[in-house]
Amino acid sequence: MTAPAGPFFPGAGRQFAALALDYWNDGHRWQVRGAVLLLILLTVGQVLLAIWISYWHRDLFDALEARALGKLLHLILIFALIFALTMAVTALHLHVKRWLQLDWRRWMTELLLDHWMARSHHYKLQFMAGEHDNPDGRIAEDIRIATEVAIALAHTLLFSLLILGSFVDILLTVSGSATLPGTGLAVPGYMVLAAFLYAGSGAALGLSLGRSLIRTTNRLQTVEANLRFGLARARQHSEAIALLHGEDFERRGADRLFADVGRGWNRQTLAYLGIVSFSTGYGTLLPVFPILIAAPQYMAGAMSLGILMQAAQAFQRLTSALSWPVDNLGELARCRASMDRIVSLYHDMQALEREEQAPSAALRRIHIRHARQPLLEFRQLALQTPAGQLLLAPLDLQVHHGERLLITGEPTVTEALFKAVAGLWPWGSGEIRLPEEAGIMFLPQRPFLPEDSLRNTLCYPHEPGHYGDAALHRALECAGLAWLAPRLDETENWGRAMPLRTQQRLGLARVFLQRPDWVFIEEATDAFDPKDEVCTLEMLHHELPDTTLLHISRHDSLFPLHGRRLELRRPKAAQA
């Protein structure tokens, strides 16, 4: 997804605003709108306090110039009131702003999670072209950045606009007019004109220096996410890496990823160098410049010390408001980069949904429907790779309730069939009719074991309250894991703490516990020795006699435990 070059109204920003529009019209919209209104009113309060403190400074320096002790004491009391109000308004403003940031983040996170987790999109997205790498990072981190920074920028922009309108009037009033040297021409409100020229030239130069910052920030966030993903992958597969002694390979991979981070960092540093150097000089000159241009009037007696200091402060306020784009260029770049990544992910998920629903896609997709009878049926089911290569010629098959079917053949084909029945493999044609009102439990070779208590792991994805201790103990006993019963409430990363054989037994214990009507097993007992494998399947038949079993295995010795066998192979033309 290519973003436009403009930093203030980029395509990503407009698309993000369209994406976020529903939040402001959500079910609790009045609460959201009330919070926004309160935030605006508190921002107005902050501006009024800034105006008040401006006049207070004027009175303070006039009192100091006149050496008026009584007026000074009175001003101290007024300042105490201003101080208390500022503290209260700032605290309440912060509370409302942070509530709004969190609530918007929650809504947007739920929106993207609803799409990402729907109909196995989190899996299918891997096979789709587009800019949606590291979707977990985009949902967890980029949404946080976009919502927090967008609201913070909106507040500071509103504050700057209100300050601009207020302090232009103050500066026009107090600065008077100045005569251009050698012309006799009077320039009314010359400090306002000077403030606009100062801020305008600074904004133009700052934006020209900061254009590359947006591109480099986006690139840096991408390579940072790649590094996090690479390290997380190494952690998840640490056992396999250790067995293969692949540490050196993984280290080289991590070094390459970090080298990308280093290059991205250096490019961003170069982009920052110009803008930071300029901003430093710009900010250093700002307090001095208005005093220097107003000093002639003070020296001529046209201004009191209080008016001089008020004019200097109003000039600083005005130029700071006008310098909002330059001052916030880094945050604008960070926010835009995150918005771009969120919009890209969301659009790709929408494209996936449209592709699933398109009539043209129906001709080259596997249809999954529900049969009116308790059977699993394949009607002219053909399987293909994502690239379109034929894996399985059209197949017609019926599996009735209570049957036990052994599926053998080429792993590529059997794996595709397993995923197709689960709805994860749309590539191909034909129909899969699932049994009516009966869920199928899928048991892959390596079961998913969340880092949780053993009780929750066995009950997954159901709540643990569905099953009592007696049922849990019996399931562990049937799976040959009775020795784990005392650890039901112990939390562990079972996928790392246990060897593959024990992991597969835990997957089978889940079957014994949840007792599904249909089970589809994909080589989920291949880590067992032959005798244990036979005993486990016999136990499965004994405990779940009415359960339909589809079993993918390469062990021909298991055929006597099944009613029939289906062998799947790629067509010879496809193999050639």
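Helix α14 lies across β6 (404-409), β8, β11, β12 and β13, running at about 150 degrees to β11. Here a helix (H or I, at least four residues) or a strand (E, at least two) is a DSSP run, numbered from the N terminus. Lying across rests on contact, meaning heavy atoms within 4.5 Å. Angles run from 0 to 180 degrees between N-to-C directions, and axes are lines fitted to C-alpha atoms, for helices over the stretch in contact. The model is predicted: local features need pLDDT of at least 70, side-chain atom pairs count only at pLDDT 80 or more, and totals for chains, interfaces and linings use all residues. Residues are numbered from 1 along each chain as its sequence is written, and side-chain values use heavy atoms, with hydrogens and water left out.

**Chain overview**

- The chain has 20 helices and 13 strands.
- Of the 576 residues in the chain, 46% are buried; buried means under 20% relative accessible area, exposed over 50%, and partly exposed in between (1.4 Å probe, protein chains only).
- Among contacts between residues at least 6 apart in sequence, 79% join residues at least 24 apart.

**Five-stranded sheet**

- An open sheet of five strands, with parallel pairing, has the order β8-β11-β12-β6-β13; two strands pair if DSSP finds at least two bridges between them.
- Its edge strands are β8 (440-443) and β13 (564-568), each of which pairs on one side only.
- From one strand to the next, the twist averages 15 degrees.
- Five bridges link β11 to strand β12 (residues 548-552) in the parallel sense, and W518 stands opposite T548 in β12.
- Helix α18 packs on the sheet, where it touches β8 and β11, and its direction makes about 165 degrees with that of β8.

- Strand β4 (residues 375-384) and β5 run antiparallel and are joined by seven bridges; the bridge partner of F378 in β5 is L397.

**Helix α14 and T414**

- T414 has its place in α14 and is buried, with a relative accessible area of 3%.
- Leaving aside neighbours within four places in sequence, T414 is in contact with I407, T408, G409, I552 and L568.

**Helix pair α2 and α3**

- The axes of helix α2 (residues 29-66) and helix α3 (residues 69-116) come within 9 Å and cross at roughly 160 degrees.
- α2 and α3 are therefore roughly antiparallel to each other, a label for angles over 145 degrees, with those under 35 counted as roughly parallel, 65 to 115 as roughly perpendicular and the rest as oblique.
- The crossing of α2 and α3 is left-handed, meaning that the near helix is turned anticlockwise from the far one by less than a right angle.
- F79 is found in α3 and is partly exposed, with a relative accessible area of 35%.
- Apart from neighbours within four places in sequence, F79 is in contact with I53 and W56.
- F79 and I53 are 26 residues apart in sequence and 8.1 Å apart in space, C-alpha to C-alpha.

**Backbone features in loops**

- The peptide bond from Y460 to P461 is cis, with omega near 10 degrees; P461 lies in the loop between α15 (454-459) and α16 (469-478).
- R515, in the loop between α18 (500-514) and β11 (518-522), is not a glycine but has a positive phi, near 50 degrees.
- R515 is partly exposed, with a relative accessible area of 45%.
- E523 is not a glycine either, and its phi is positive at about 50 degrees.
- E523 is found in the loop between β11 and α19 (530-543) and counts as buried at 11% relative accessibility.

**Cysteines**

- The structure holds zero disulfides, a disulfide being a pair of cysteine sulfur atoms within 2.5 Å.
- C335 counts as buried at 4% relative accessibility, and C478 is buried with a relative accessible area of 7%.
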